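Here is a friendly walk through a structure that may be new to you. Take a moment to look it over, and then we can go from one site to the next.

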Amino acid sequence: MSSIDDARRLVAEASSIAVLTGAGISAESGIPTFRGAGGMWGNFRAEDLATTEAFARDPKFVWEWYQSRRVEIARCEPNAGHRALVAIEEQADEFTLITQNVDGLHDRAGSKRVLKIHGDIWMTRCLGCGYQRINRDLEMELPPKCGECSGMVRPGVVWFGETLPRIVWEEAERAVNRCDLLLVVGTSAQVYPAAGLIDLARHVGASVLEVNLDATAYSNAVDCSVRGKAAEVLPLLVA
Ligand code: BV8
Ligand code: ZN
């Protein structure tokens, strides 16, 4: 089944809802997705820049990419898709929002229970003393130095090849283990272990509802796959 009515019924009937979002939910806020046209940076692929090797090789260059994204994100606003998830959180008995996005738009939209499994572009962490903090400075000298020990500071995100933050990841797995609906929005479902949450939901017998602009490897395996833009479809799922 793949109609809006079926999707509305799945949301209405669910008592424990887990949501997995990806870059597609922020597309209509103006933030380029990873694998769409905007997913390149100059002629570099995100997979080549979001790595510890790239950062070790040229921290200033990698910081220039992150700072350009921070500047762009600071100009963007949450969209109707982010806000619809806030409404669904309010109507559900149990709700957990698991996001691969590092842009912070779910928090700005008002979502309460947000698990940032790939970190947060507004966090910085010192490689020297481990000091981490929210840092919204868009003018700082790059690469930034730690205020505590003047060590090298990195973006507080999870790079390819790095493990996900253990506590947050375990909470995400627990939420999917308990859910009776997993709503997957705006992700190409190519990055693991995040995409593995879809397999976990199916394994525990939860219904899986996908809302995505393009088909993904999971589109034929989920209970309901709605093709469309998150900002247009998600508001239709709110009671
Ligand atoms: C791990 C933070 C290992 C940074 C990100 C070799 C070596 C090491 C690991 C691997 C390897 N090969 C594979 C792996 C695993 C790797 C992986 O999955 N690689 C992929 C490329 C195959 N995973 C990892 O490395 C992970 N760590 O495995 O550790 C390990 C394990 C145990 C012990 C030790 C080590 C870490 C992955 C995290 C990487 N960090 N982000 C940053 O943002 O800069 S991932 C990055 O991709 C973002 O988080 C992004 O969200 C995520 C996934 O992309 P999507 O969100 O899906 O975005 P995408 O553009 O792909 O798709 C957008 C979708 O939206 C599209 O389908 C489109 O149709 C749709 N859309 C567009 N517009 C709209 C829309 N939908 C609705 N409405 C619209 N308007
Ligand atoms: Zn430090």
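Helix 5 gives three residues to the shell around ligand 1, the most of any contributor. Keep in mind as you read that this is a predicted model. The elements that supply two or more residues to this shell are helix 2 (24-27) and helix 5 (59-74). The shell holds 36 residues, and those that come nearest to ligand 1 are Arg35, Tyr66, Gly161, Thr187 and Ser188. Sorted by class, the shell has 15 nonpolar, 14 polar and seven charged residues.

| Residue | Part of the residue | Atom of ligand 1 | Distance |
|---|---|---|---|
| Arg69 | side-chain N or O | oxygen | 2.7 Å |
| Glu162 | polar backbone atom | nitrogen | 2.7 Å |
| Gly186 | backbone N or O | oxygen | 3.3 Å |

How much of ligand 1 does the protein bury? Taken alone, ligand 1 exposes 1500 Å², and the protein buries 74% of that.

Next comes the metal site. Which residues coordinate the zinc ion (ligand 2)? The SG atoms of Cys126, Cys129, Cys146 and Cys149 do, at 2.3 Å. Along the sequence, these donor residues follow the spacing C-x2-C-x16-C-x2-C. The site of the zinc ion (ligand 2) is tetrahedral, with angles of 99 to 116° among its four donor atoms. For comparison, the ideal angle for four tetrahedral donors is 109.5 degrees.

Cys146 has a relative accessible area of 7%, so it counts as buried, the cut-off being under 20%. Cys149, at 35%, is partly exposed.

A cis peptide bond joins Leu142 to Pro143, with omega at about -10°. Ser150 has its place in the loop between strand 7 and strand 8 as well. Its phi is near 60°, a positive value in a residue other than glycine. Is Ser150 buried or exposed? With a relative accessible area of 51%, Ser150 is exposed, because exposed means over 50%.

Another loop runs between strand 9 (181-185) and helix 9 (196-203), and Ala195 is found in it. Ala195 is buried, with a relative accessible area of 2%. The C-alpha atoms of Ala195 and Leu20 are separated by 8.6 Å, although the two residues are 175 apart along the chain. Pro193 is also in the loop between strand 9 and helix 9, and the peptide bond from Tyr192 to Pro193 is cis, with omega near 5°. Ala189 belongs to the loop between strand 9 and helix 9 too. Ala189 has a positive phi, near 50°, and is buried at a relative accessible area of 7%.

Our last stop is Glu210, in strand 10 (residues 207-212). Glu210 counts as buried, at 4% relative accessibility. Which side chains does the Glu210 side chain contact? One polar contact, of 2.5 Å, joins it to the side chain of Thr216. Another polar contact, of 2.7 Å, links the side chain of Glu210 with that of Ser225.

Conventions: Residues numbered from 1 in each chain as written. Chains lettered and ligands numbered in written order. Predicted model: local features only at pLDDT ≥ 70, side-chain atom pairs only at ≥ 80, totals over all residues. Heavy atoms only, no water. Donors = N, O, S within 2.8 Å, 3.2 Å for Na, K, Ca; no water. Tetrahedral: all angles 85-135°; square planar, octahedral: opposite > 155°, others 65-115°. Buried < 20%, exposed > 50% of the residue type's maximum accessible area, 1.4 Å probe, protein only. Near = heavy atom within 4 Å. Polar contact = N/O pair within 3.5 Å; in protein donor to acceptor, adjacent residues only side chain to side chain. Areas by Shrake-Rupley, 256 points an atom, 1.4 Å probe, with all protein chains shown as cover. Helix = DSSP H or I, 4+ residues; strand = E, 2+ residues; numbered from the N terminus. Nonpolar A, V, L, I, M, F, W, Y, C, P; charged D, E, K, R; others polar.
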